[in-house]
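User: Please examine the structure below and discuss selected features of its fold and backbone.

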Amino acid sequence: MPYRLSRQPLEWIDREQTLRFTLEGRSYTSYQGDTVSAALLAQGVTTLGRSFKYHRPRGVLSLANHDVNALFDSDMEPQLRGDVTPVTDGLSLTPVNVNGSLTRDRDSIIDRLGRFLPVGFYYRAFHRPRALFPFWERLIRRKAGLGRVDLDWSARRRPKRYAFCDVLVVGGGPAGMQAALSAADAGADVLLVDEQPHLGGSLDYQWVNDPRVEDIRTQLKQDVAAHPRIGVLSSAVAAGVYEDFWVPVSTPEGIVKVRARALVAATGLLEQPAVFRNNDLPGVMLATGAQRLIHRYAVAPCRRAVVLTANAEGYRAALDLLAVGIEVAAVIDIETPQPSGEMVSALTDRGVPVLGRHAIYEAQGSDQVTAVTVAPVEDGRCDLQHAREIACDGVLMSVGWAPAGHLLYQAGGSFRYDDHLHQLVPDSLPPGVFAAGQVNGAFALSAQLADARDAGAAAADHCRGELAGRSEGHRDRLPHSSPWPIVEHPKGRNFVDFDEDLQLKDLKQAAAEGFDNIELLKRFSTIGMGPSQGKHANMNGIRILARLLGQGIDETGSTTARPFYHSVPMGDLAGRRFRPERLTPLHGLHLEAGAQFMSAGAWLRPEYYGEPGQRDAAIAAEVRAVRQAVGLVDVSTLGKLEIIGPDAGTLVEAAYTMRMRNLAVGMTRYALMVDDSGVIVDDGVAARLADDHYYLSATTSHADTTARELGRCILEWGLDAQVVNRTGQWAAMNIAGPLSRSVLEPFTDIDLDDAAFPYLGVREGKVCGYPVRLLRVGFVGELGYEIHLPAPAAETVWRRLCKAGKPLGLRPFGVEAQRQLRLEKGHVIVGQDTDGLTNPFEAGMSWSVHLKKPYFIGRPSLERLKGDVQRRLVGFRVPQAEGSAIRECHLVIANGEIAGRVTSVGDSETLGCVVGLAMIDAALAEAGDALHIRVDGGADVVAERADTPFYDPDGARQRVAEEQELAHV
Amino acid sequence: MPWRLLKAGLSKQPAPPRFFPQTESLKPRYDVVIIGGGGHGLACAYYLAKEHGITNVAVLERGYLGGGNTGRNTTIIRSNYLTPEGVKFYDASLKLFEDLSQDFDLNIFYSTRGHYTLAHTDSAMRTMRWRAEVNKHYGIDSALVDREAIARDVPYMDLDCAGNDAVMGALYHAPGAVARHDAVAWGYGRGAYQRGVEIHQQTEVTGVRVEGGRVRGVSTNRGDIECGAVVSMVAGFTPRVTDMVGLRTPLEIYPLQACVTEPVKPFMDTIIVSGSLHVYVSQSSRGELVMGASVDPAVLHSTRSTFDFVEGLADRLLDLFPFTSRLRVMRQWAGMSDLTPDFAPIMGSTPVEGFYLDAGWGTWGFKATPISGKTMASTVANGQDHDLILPFNLSRFHDYRLVGEKAAASVGH
């Protein structure tokens, strides 16, 4: 490994463990602890990726999870970031977005065509001639995107966990560690989160060669590790800040969702690149990137470097290079070197030329920097008459910083431009949110620590409910950023955004075309829209736009810092899969009986009993059993609501359209619920068990809503009543058919005789010894009893009834048979025969609307709608031969226009024809004409109108008493 | 390489002219003031100038052009609605969209991708058939397709949804498309500007002056203006504007959120929507998966993001596309949807003379951009509601003439 340095004091690698991995099929080695980029650099591989648009060779930039030009696909994951992805033994990688290989990318030709592909070029072309656009689009789509997705990957879901703390400190550098200690010392429980595998932050790459720092480092790390109130999460990214200090932290094991009481962002700074021609060549990198390479991975970034700087950090980086034996060809300072700087003399003493007020005009080289041209600079323009060339194989850029302030922005903070620092600093932060250290503009180590002590203590104060003020006293007064680290070049290729391959001229042109607002600039040029989300581009973008507009940075503003700070895997966001499914107490018996299930909301219900191949026959047999003998259906999914209390009658009276207060004890009545606009939302049966006690059923899908709505009414109207939702607690089954009474009779102490228990009656008593409520209702149009009983009793009762009924032809029946049976009776299913606008008049249920009641929900609307019926639900019948083509939701056509739709249709063996319901225009309904139904393929099936109920119109079979109360059309 | 790029690349001409004007002062009077410089507002200005010769128009935008829901939606364009009113309206919109690149001479990347609305229950299947039948009646290419057809076209979808609520079929809408949303606003903006319309960004309307039941002018943070007509095209901010003229609407504002993954090589060519799973997804020409869900559960006038949203979305999307678990979500954001009770828009004249409303865009505003602009321009120019938008007038809420579009509009985007 030619670029591997001797052992570094703080290195993260374990030289005892050698790992092997492959890139493009070639084998490489690394040490345990290396990242992919570090390992490749150690072996002299400098081209790590190709750029998004021009396919230019790119190398490392930051080594801090922002190197989105060095992305690799593995067998298991797309576009891993090489700068932070640890090498694992056997890892097999391919570079992303490469046509050919890293060194020979056929698409690099695009780089030569750059002048034809200016910013926003895709808006200007490809649409004429129109017919060719699909061709161009296919081509563009082929070139789009980065990594490759394997469509056969399985769902990798990782469970989430929760963490709670008083103070969440994000960033484990000197300020973060100190803030954590200060908060913990003040009594707060602290969680310290850092995205690197080891705490230390800049202390371990920017301050390594400063002997005064050693004690501080050791002490901070020891104290953090030993403190009982501090928990540490390493390799953990605080991905975003949401309302109420809700912070998802993304770790290699999955997401930890942290709820904190206060937040300290000690997130540091993002070093910003200089903009000069070919600033993207491999070998040109951020100074901190080079320092990370040296101190973490013991990898030499190059052999002979030029350091471009505008701050003390750059000089320190140059000294770091010298310390590990890397030649420094020159230090180029954009500003005037600080005269008192001891670091300047340290360099010059060792023969390193320091050129003040110079800049790099351009870098040279084809796939690796080989030299730079430097020249005196004045406000971004180079004096080329005094240019000189310096050979080098590496360039370190240390020209300025942007705060890693994403979390502070998301928490509701704002930033302003500090004219001393030439950098953005926090301006106002919401209560409980604190910034500490470099992100807060404190640069000297002592200032960072002092700032962090303040922040930590203030955060602890906040948790105790004390007002926590902050001083800005620790902010540096000297610039650490160049206000204009940008050099013009007539040939361009001076990149501002490496993700998106945007050059200085692209931004200028976008602004010139009117996109001269920071948000419009972003959207037109796509600056900051790549995978790093502008971490190295936005600051220079703002500087460029501000200058073009002749205004300040604050006036120019910035784009919104949205979650996430770093991208988060979907499988981690998804977490463990949880799909609750509700099974009725009889589910096991249905399985035994060979039921095929369908889902109804969260419930599973038997659709029919039998083999899938015999579906229609099975359903027909079930229908036949009910019509001719007896059938049993599980209706446990119905809502079952108990209304108890002195105001129970008032509540039910006002919540439903029919009169309910005059319902006699021991009787039931159809119950229809509409919303404020008069639209049908639910129906069921109301049974009165006592003066102050009603028992209501509701549709499966609306049961919970109805329970909630009734509860709301009680609160709003101040009623003395209770709603008890017994839906899951009780089971229900309906035994129906001419023989139902004889099957049930032996098992119950309730007198089933017509006189004692008339149609629409309700009785309490016992079945098989269990307490039950029997409701004599007729949804399917035969003599029948709905048995409501405690869930644990359901199995026994069902089994016994089945056994006893078997000799008589009893069959369990499913939802499909029930639908068919009720259709023959013309009964409406809410949500199928009605839609989101259907009122009771349209559904033919005028009889259920008692406008004489002074009030019920929806009454004002229904009063108005009464005389204004737009549509009507009508019945139709067709001979089986033609009718079999009709499907629900086929259209009814009149005079060539849509006049309605079929809402229910079924082939009725009982009636010997196809019958159905259709919701049609009122005019057509009045006329009584035959319906023209357009079936699949466009054929017209003529259906004659038929009154409902189609079957047993007088209701003799269910023994209708004097009152006709069931819902039918 | 297209000829135009070659020509432009070789020419020595300076950059193309500006799309939008630099800030200029407000005139004391305009014939029409449009509040809101999003797609709808700019389109209305464009058609006022282009088709009605009305150019003394100011578009006032409190932020930047297209910065509201125009720049926040997931760019899906379709016409597979349920009601005849909706189908005709959105079909007219889609047809305008198809020609926009030519009209603007600006490529909006209108890309016909095909659009699946998955059905996981038999009641959803019924609704899909209903929509398909209504669509076909109006000559719109929609069809109910079965599992096998979906499996052929989208072989990488898990039709069994990891074990719950398997896909039973889908409504397939071949004309379903996506477009570069920003470019639509820019194209309209440039076209309007070229025809003499004034566009004022960073200009916030603070009041609307109504005298004798008639609009007289507006107040802004940059001064007062007189005008003959005011058109409010501000989506989630509508209640603030209607409050200024004392108009009541049944609008409720709900946040609608979306997110994108990092860009990967395109593999998903169609647009896929599942109402049961509350997800919709397409892959942009940059390679990002653009994803959204239903509106937030509670009313809120805010564009804050929530973590719950992105968790829930990822959870459900993995049921359909397990392999996306390895993709990474890069960015999330939110817009404010102005929802009506019937999921149809509110358009046209109002009881306040000269005050026109274009609102109720809920989660379906982008796809209506061209037709809204065109019909609102016609309505303002002729002082009479355009035929296509008659059913959408605010009065329908008083008259019980709702346009029940929920089944097709709610998540269907």
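The questions and answers that follow concern a predicted model.

User: In what order do the five strands of the open sheet in chain A stand?

Analyst: The five strands pair in the antiparallel sense. Neighbouring strands of this sheet are turned against each other by 30° on average, direction ignored. Read across the open sheet of chain A, the order is S35-S36-S37-S34-S38.

User: Which strands of chain A stand at the edges of this sheet, each with a single partner strand?

Analyst: An edge strand has a single partner, so one side of it is left without a neighbour in the sheet. In chain A this applies to the strand at residues 668–674 and to the strand at residues 722–725. These are S35 and S38.

User: Over how many bridges do strands S36 and S37 of chain A pair?

Analyst: Strand S36 of chain A covers residues 680–690, and strand S37 of chain A covers residues 693–698. A:Ala690 stands opposite A:His693 in S37(A). The antiparallel pairing of S36 and S37 in chain A extends over four bridges.

User: At about what angle to S34(A) does helix H20 of chain A run?

Analyst: Two helices of chain A can be described against S34(A). Helix H19 (residues 648–655) of chain A lies across S34, S35, S36 and S37, and runs at about 135° to S34(A). Helix H20 (residues 703–717) of chain A lies across S34, S35, S36, S37 and S38. For H20 of chain A, the angle to S34(A) is about 20°.

User: What is the omega of the cis peptide bond from A:Pro563 to A:Phe564?

Analyst: A:Phe564 lies in the loop between helix H15 (553–556) and strand S30 (568–569) of chain A. The peptide bond that leads from A:Pro563 into A:Phe564 is cis, with omega near 5°.

User: Where does A:Pro129 lie?

Analyst: The peptide bond from A:Arg128 to A:Pro129 is cis, with omega near -5°. As for its place in chain A, A:Pro129 lies in the loop between helix H3 (121–124) and helix H4 (133–143).

User: Is A:Cys889 buried or exposed?

Analyst: A:Cys889 has a positive phi of about 80° although it is not a glycine. Its place is in the loop between helix H25 (880–883) and strand S45 (891–894) of chain A. A residue counts as buried if 20 or more other C-beta atoms lie within 10 Å of its own. With 20 other C-beta atoms within 10 Å, A:Cys889 is buried.

User: What is the positive phi of A:Phe245?

Analyst: A:Phe245 is found in the loop between strand S11 (237–238) and strand S12 (246–251) of chain A. With 18 C-beta neighbours inside 10 Å, A:Phe245 counts as partly exposed. Although A:Phe245 is not a glycine, its phi is positive, at about 55°.

How values were computed: Residues numbered from 1 in each chain as written. Chains lettered and ligands numbered in written order. Predicted model: local features only at pLDDT ≥ 70, side-chain atom pairs only at ≥ 80, totals over all residues. Pairing = 2+ DSSP bridges. Axes fitted to C-alpha atoms, helices over the stretch in contact; angles between N-to-C directions. Contact = placed C-beta atoms within 7 Å. Buried ≥ 20, exposed ≤ 12 C-beta atoms within 10 Å, placed from the backbone.
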